[in-house]
Amino acid sequence: VASASVRLLPVDRVDIEQMISETALDQLLAGARGSQPSDRNALVTFIETLAHGVRNWPKGCELDINPVTVLERGCWVLDAAYVSPPTD
């Protein structure tokens with residue numbers, strides 16, 4: 001099982017579901033070690049919304065999101081940082 005999965009933008013829900021299924025995250029979201037399943041749909045929606053929002057950003061932009069916490073209902077971001085490209 002891979003630790004990462006990559007696609008070029010644009011992506012849709014089907015792409016995102018496939019990406020999750022290709023990684024260990026698939027089993028973790030299903031409820032690893034007897035825990036309750038996490039809200040996979042919330043994560044997919046978050047990634048889809050994020051991918052849509054950044055696909056037209058200019059070259060050189062960076063977005064660091066760490067971590068994304070997926071709960072039984074919903075998901076949230078603890079920390080995020082945006083870096084814009086240098087201006088000439």
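Contact here means heavy atoms within 4.5 Å. The structure is a predicted model, in which local features need pLDDT of at least 70 and side-chain atom pairs count only at pLDDT 80 or more, while totals for chains, interfaces and linings use all residues. Residues are numbered from 1 along each chain as its sequence is written, and side-chain values use heavy atoms, with hydrogens and water left out.

The protein has three helices and four strands, arranged along the sequence as α-α-α-β-β-β-β. Helices (H or I, at least four residues) and strands (E, at least two) are DSSP runs, numbered from the N terminus. Along the principal axes, the C-alpha atoms occupy a box of roughly 55 × 25 × 20 Å. Among contacts with a separation of 6 or more, 38% are between residues 24 or more positions apart.

Of the 88 residues, 18% are buried. Buried means under 20% relative accessible area, exposed over 50%, and partly exposed in between (1.4 Å probe, protein chains only). The protein exposes about 6500 Å², and carbon and sulfur atoms supply 54% of that area. Accessible areas come from the Shrake-Rupley method with a 1.4 Å probe; for residues, only the protein chains shown count as cover.

The protein carries 7 positive and 12 negative side chains, with the centres of the two sets 4 Å apart. Lys and Arg count as positive and Asp and Glu as negative, whereas His and the chain ends are not counted. Each charge is placed at NZ of Lys, CZ of Arg, CG of Asp or CD of Glu.

Helix H1 spans residues 13–21, and its residues Ile16, Met19 and Ile20 are buried. Viewed down the axis of H1, the buried residues fall within an arc of 95°, so they line one face of the helix. The arc is that of the directions from the helix axis to the C-beta atoms. The cover over these buried residues includes helix H2 (25–31) and helix H3 (40–54). Where H1 starts, a side-chain oxygen of Asp12 comes to within 3.1 Å of the backbone nitrogen of Val14.

Thr23 sits in the loop between H1 and H2. Its relative accessibility is 10%, so Thr23 counts as buried. The Thr23 side chain reaches the backbone oxygen of Ile20 at 3.0 Å. Apart from neighbours within four places in sequence, Thr23 is in contact with Val1, Ala2, Ser3, Ala4 and Ser5.

Ser5 belongs to the segment before H1. Ser5 also counts as buried, because its relative accessibility is 15%. Its side chain makes a polar contact of 3.0 Å with the side chain of Arg7 and a polar contact of 2.5 Å with the side chain of Glu22. A polar contact is a pair of N or O atoms within 3.5 Å; within protein, one must be able to donate a hydrogen and the other to accept it, and residues adjacent in sequence count only if both atoms are side-chain atoms. Not counting residues up to four places away in sequence, Ser5 touches Met19, Glu22 and Thr23.

The segment before H1 also holds Pro10. Leu9 and Pro10 are joined by a cis peptide bond, with omega about 5°. Val54 and Val1 are 53 residues apart along the chain, and their C-alpha atoms are separated by 28 Å.

A cis peptide bond also joins Asn66 and Pro67, where omega is about -10°. Pro67 is in the loop between strand E1 (62–65) and strand E2 (68–70).

The loop between H2 and H3 contains Arg33 and Gly34. Arg33 has a positive phi of about 55° although it is not a glycine. With a relative accessible area of 89%, Arg33 is exposed. Gly34 counts as exposed at 73% relative accessibility. From C-alpha to C-alpha, Gly34 and Ser5 are 25 Å apart in space, and in sequence they are 29 residues apart.
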